[in-house]
Amino acid sequence: RHHNLPAPHSTIPHTQSAASLMASQHQIDLEKQQLAWKDILDMSGRLLSLAEQNNWQQLDTLHALRDKKLEQFFNQAIAVELVEIIQQDIKKIQEQDRHIVQLLASQRDALGNEARNLKQMKRRLNEYLSADNRKL
């Protein structure tokens with residue numbers, strides 16, 4: 001009985017060429033990039049829902065994280081297979097970001113109106129109070 005011999009099926013054939021090793025490494029890199037890009041896309045979608053919910057604090061945190069991930073992603077050589085997909089997705093992300101900016105702007109306007117309304121209310125209140133005082 002030879003216990004130290006590996007089972008024949010578990011041995012890696014030594015005939016694997018450098019080219020096929022590079023090809024499998026490329027496959028691994030490609031899959032890593034696909035996952036990283038999917039993560040960025042998911043984050044972009046979440047950013048939009050946060051904006052629609054007026055959750056600006058969480059949006060701010062996630063936006064910073066997505067920016068960092070985008071920077072890391074584009075600091076590497078992009079797999080040729082992904083270039084076209086990424087170019088299309090970037091348009092989608094830009095569209096989502098534009099929508100977020102619009103939501104933010106309308107929210108700011110609404111807050112501005114609210115602040116103005118509060119000031120007017122306060123002024124009217126003061127006018128009523130001073131008018132009442134004159135009557136007393």
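Which residues does Gln 33 touch, not counting residues up to four places away in sequence? Select Gln 33 together with Phe 73, Gln 76, Ala 77, Ile 78, Ala 79 and Leu 82, which are the residues it touches; contact here means heavy atoms within 4.5 Å. This is a predicted model, in which local features need pLDDT of at least 70 and side-chain atom pairs count only at pLDDT 80 or more, while totals for chains, interfaces and linings use all residues. Residues are numbered from 1 along each chain as its sequence is written, and side-chain values use heavy atoms, with hydrogens and water left out.

Remain at Gln 33 and display the backbone of Ala 77. The side chain of Gln 33 reaches the backbone oxygen of Ala 77 at 2.7 Å. Gln 33 counts as buried because its relative accessibility is 5%; buried means under 20% relative accessible area, exposed over 50%, and partly exposed in between (1.4 Å probe, protein chains only).

Next, select residues 18-52, helix α1, in which Gln 33 lies. Helices (H or I, at least four residues) and strands (E, at least two) are DSSP runs, numbered from the N terminus. The 35 residues of α1 should span 51 Å at 1.5 Å a residue, and the end C-alpha atoms are 51 Å apart, which agrees; the expected span is 1.5 Å times one less than the number of residues. The buried residues of α1 include Ser 44, Leu 48, Leu 50 and Ala 51. Just after α1, select Asn 54, which takes a positive phi of about 60°.

Now select Leu 30, Trp 37, Ile 40, Leu 70, Phe 73, Ala 79, Leu 82, Ile 86 and Ile 93, the 9 residues of the largest nonpolar core. Such a core is a set of buried Ala, Val, Leu, Ile, Met, Phe, Trp, Tyr and Cys residues joined through side-chain atoms within 4.5 Å. The elements giving two or more residues to this core are α1, α2 (56-74) and α3 (80-135). Apart from this core lies another, of 8 residues, among them Met 43, Leu 47, Leu 59 and Ile 100.

Finally, show the whole chain and colour it by pLDDT, the predictor's confidence in each residue from 0 to 100. The protein has 3 helices and 0 strands. Among its elements, α2 has the highest mean pLDDT (94) and α3 the lowest (86). Of the 136 residues, 17% count as buried.

Technical notes: A polar contact is a pair of N or O atoms within 3.5 Å; within protein, one must be able to donate a hydrogen and the other to accept it, and residues adjacent in sequence count only if both atoms are side-chain atoms.
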